[in-house]
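Hi everyone, thanks for making time for this.

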Amino acid sequence: MTGSDRPSALTPALAARLKRGADGLLPAIAQQYDTGEVLMLGWMDDEALHRTLTTGRCTYWSRSRQEYWVKGDTSGHVQLVKSVALDCDADTILVKVDQVGAACHTGDRTCFDAGDLPLGP
């Protein structure tokens with residue numbers, strides 16, 4: 001259970017726009033603001049998005065631990081928020097950040113460097 005069962009701290013207009021999943025979450029893509037490098041995918045509910053917008057640091061909802069986590073509080077690899085946008089359907093969040101250190105829990109710069117999948121037959 002996320003914080004989605006309590007009143008949203010977001011403005012009513014923004015909260016009304018969001019198209020959350022049945023679990024109250026939206027995928028949040030973190031992208032390096034100056035290079036366009038896709039760093040990671042996390043999950044946000046209204047409270048995580050509110051914290052991200054108001055603190056300047058990315059806050060996510062951990063589906064496995066069932067708690068909020070601020071990127072870098074444990075590792076020191078912080079994400080400094082440069083901008084936040086919704087996609088055209090308002091069901092995905094794009095957070096452009098200045099990533100300090102690794103974005104991936106494995107210690108890699110990005111979570112998307114495990115190799116390309118083969119295309120075609």
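A word on naming before we start: helices (H or I, at least four residues) and strands (E, at least two) are DSSP runs, numbered from the N terminus. Residues are numbered from 1 along each chain as its sequence is written. Please keep in mind that this is a predicted model, where local features need pLDDT of at least 70, side-chain atom pairs count only at pLDDT 80 or more, and totals for chains, interfaces and linings use all residues, while side-chain values use heavy atoms, with hydrogens and water left out.

Let's begin with Asp46, which sits in helix H2, residues 46–55. Is Asp46 buried or exposed? With a relative accessible area of 9%, Asp46 is buried; the label buried means under 20%, exposed means over 50%, and partly exposed is in between, using a 1.4 Å probe and protein chains only. Which residues does Asp46 touch? Leaving aside residues up to four places away in sequence, they are Ser8, Leu10, Ala15, Leu18 and Arg20, where contact means heavy atoms within 4.5 Å. The side chains of Asp46 and Arg20 are also joined by a polar contact of 2.7 Å. That term needs a pair of N or O atoms within 3.5 Å; within protein, one must be able to donate a hydrogen and the other to accept it, and residues adjacent in sequence count only if both atoms are side-chain atoms.

Next, the aromatics. Rings of Phe, Tyr and Trp (its six-membered ring) pair if their centres lie within 6.5 Å; planes under 30 degrees apart are stacked, over 60 edge-to-face, and the rest tilted. How many aromatic pairs does this rule give? The count is two. Tyr60 and Trp69 make a tilted pair, 5.0 Å centre to centre with 35 degrees between the planes. Trp61 and Tyr68 make an edge-to-face pair, at 4.8 Å and 75 degrees. Tyr60 is buried at 1% relative accessible area, whereas Trp69 is partly exposed at 24%. Trp61 and Tyr68 are both buried.

Finally, some backbone angles. Most residues other than glycine have a negative phi. Gln66, though not a glycine, has a positive phi of about 55 degrees, and Gln66 lies in the loop between strand E3 (59–62) and strand E4 (67–70). Ala90 also has a positive phi, about 60 degrees, in the loop between strand E5 (79–86) and strand E6 (93–99). Gln66 is partly exposed at 39%, whereas Ala90 is buried at 5%.
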